[in-house]
Amino acid sequence: MCPGDQVIRCPGKKVAVYAFCRHMVGYCLFLVLIAGLVACRQSQPAIVESPSPIQMVLVSSDFAVGQPRVAFALRDGPQAATGVQTVALTAVLIDGETTWSGTATPYDDYEIPYWVVYPELPTAGFWGFTAQLTMNDNSAVEATFIIDVKANSLSPVIGAAAPASQNRTLASEPDINKLSSGQNPNSALYQLTVAEAITSGKPTVVAFVTPGLCESEWCLPVLNSVEEVRANVGQASQFIHIEVYEDFEKLTRVKEMREWGLETEPWVFVLDENGRIAAKFSGPLSPRELSNALVPLLP
Amino acid sequence: MSQTIPQKFYYCILALCLLATVQQTYAHATLTQAQPAPGAQLSQPPTEIRLVFNEPVTADSTITLFTPNFQTIPGLTTHLDPAGVGEVFTTLPPLEPNEYTVQWTAVSADRHQISGSYTFTITAKTANTSWLWRGGGFIGGILVVWWLARRRAT
């Protein structure tokens with residue numbers, strides 16, 4: 001047996017200590033290996049997918065319980081986003097359990113392409129939408145937005161009787177440049193009041209637009225869409241343009257805006273032959289979308 | 001014959017009158033600049049969100065921030081920047097690494113209102129010495145194999 005201070009030089013102890021040290025070296029190397037593997041895993045970024053630079057722009061308004069028209073555009077910087085093949089959406093009532101899912105319909109026959117979806121939203125409150133955009137190269141990007149769904153719509157609801165407005169026409173105001181802020185207004189759009197149209201037995205398109213005082217891509221082309229559809233359907237339907245402003249300097253709104261509960265513009269309503277609201281559109285409206293609503297009502 | 005001074009004066013007045021009759025036009029505001037930018041991946045949390053629109057907006061304009069599960073970041077107040085036309089901003093509390101959606105509503109002076117949204121991400125912080133640990137792990141692996149081989153040989 002070796003003295004305590006001779007442990008290292010004692011042959012028997014030396015072998016035991018050396019063997020112990022060799023095992024410890026192996027254990028330490030193993031721990032370093034494990035630490036390296038853990039460091040590799042932790043150094044990966046927490047977010048796997050890159051967020052999309054695509055912006056969603058909501059271009060419709062007046063969201064109420066039911067199936068409101070939710071129209072949106074997709075922007076990539078200042079330009080319209082291109083290469084979007086499909087847009088699938090899911091909606092969830094925030095702090096609730098109700099959900100909905102569906103696919104948006106694209107309308108590219110407008111100045112700026114836009115998409116429309118009619119989600120089933122049975123409850124008022126804040127609804128969170130997640131849009132899954134599938135690009136032409138089959139890559140996917142995601143975008144989200146929230147809309148505030150009210151219990152009641154401000155504008156006339158689908159199926160309700162249209163307000164029997166006594167809007168200005170060429171009969172009451174011969175100066176057509178006071179009936180429209182646009183350039184070269186079409187006199188055919190200023191022949192009838194809504195009150196006359198809803199008793200005529202024909203479908204009617206009523207457009208609240210200010211073509212001269214709103215030059216944005218979202219509202220100016222709406223009247224062009226109305227004119228294009230009117231040229232296609234001819235006398236089978238009636239078309240009325242109600243200028244939003246009564247005074248182009250003071251920007252006082254016409255009384256019909258209040259009668260129809262409109263706080264924004266443009267708005268287009270499609271009335272059936274009985275003068276009831278068959279469809280309503282806020283924001284952009286392409287000729288195809290308007291035709292899809294009007295043509296089924298034609299005789 | 002050269003124009004007399006009164007004629008030039010009248011032409012200037014006429015030009016000014018024509019300019020004065022040009023109607024002021026309005027439009028829905030368009031977002032032209034955003035910080036953080038859409039799609040940005042940030043290693044440090046931003047301290048504010050700043051949006052610039054192409055026309056003046058009113059104090060009714062808002063900025064909202066929410067997470068992927070639609071939890072709104074509370075306590076945000078939107079301010080108009082008096083130094084910038086059409087510029088709004090909101091200061092942010094400290095944000096955790098996550099993906100966030102900025103939803104904005106711009107109300108123009110003519111009451112036109114439009115909303116939009118985009119996302120940005122704050123990435124998780126990574127260890128500055130991670131490369132050292134990874135290198136050490138690789139070397140450690142080599143040494144473990146060598147050690148085991150030596151043990152078998154002996």
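The lining of the second largest pocket is made up of eleven nonpolar, four polar and three charged residues. The model is predicted. This pocket has a volume of about 340 Å³. Its lining holds 18 residues. Nearest its centre lie A:Gln67, A:Pro68, A:Arg69, A:Ile158 and A:Lys280. Strand S15 of chain A, residues 277-282, gives the most to this lining, with five residues.

The largest pocket comes next. About 1,200 Å³ of space lies in it. It is lined by 41 residues. Closest to its centre are A:Phe63 and A:Asp148 from chain A, with B:Thr105, B:Gln113 and B:Ser115 from chain B. Several strands give two or more residues to this lining: S9 (140-149) of chain A, and S4 (62-66), S7 (98-107) and S8 (113-122) of chain B.

| Pocket | Volume | Lining by class |
|---|---|---|
| Largest pocket | about 1,200 Å³ | 16 nonpolar, 16 polar, nine charged residues |
| Second largest pocket | about 340 Å³ | eleven nonpolar, four polar, three charged residues |

Chain B also holds an open sheet of four strands. Their order is S1-S3-S6-S5, and the pairing is antiparallel. Strand S1 (31-35) and strand S5 (79-80) of chain B are the edge strands. Each of them pairs on one side only. What joins S5(B) to strand S6 of chain B? Two bridges do, and the strands run antiparallel. Strand S6 of chain B covers residues 87-91. In S6(B), B:Phe89 is the bridge partner of B:His79.

Notes. Residues numbered from 1 in each chain as written. Chains lettered and ligands numbered in written order. Predicted model: local features only at pLDDT ≥ 70, side-chain atom pairs only at ≥ 80, totals over all residues. Heavy atoms only, no water. 1 Å grid on protein atoms, 1.4 Å probe; cavity = no way out; pocket = protein on both sides within 12 Å on 5 of 7 lines; lining within 4 Å. Points joined across faces, edges and corners; volume = space filled by probe spheres on them. Nonpolar A, V, L, I, M, F, W, Y, C, P; charged D, E, K, R; others polar. Pairing = 2+ DSSP bridges.
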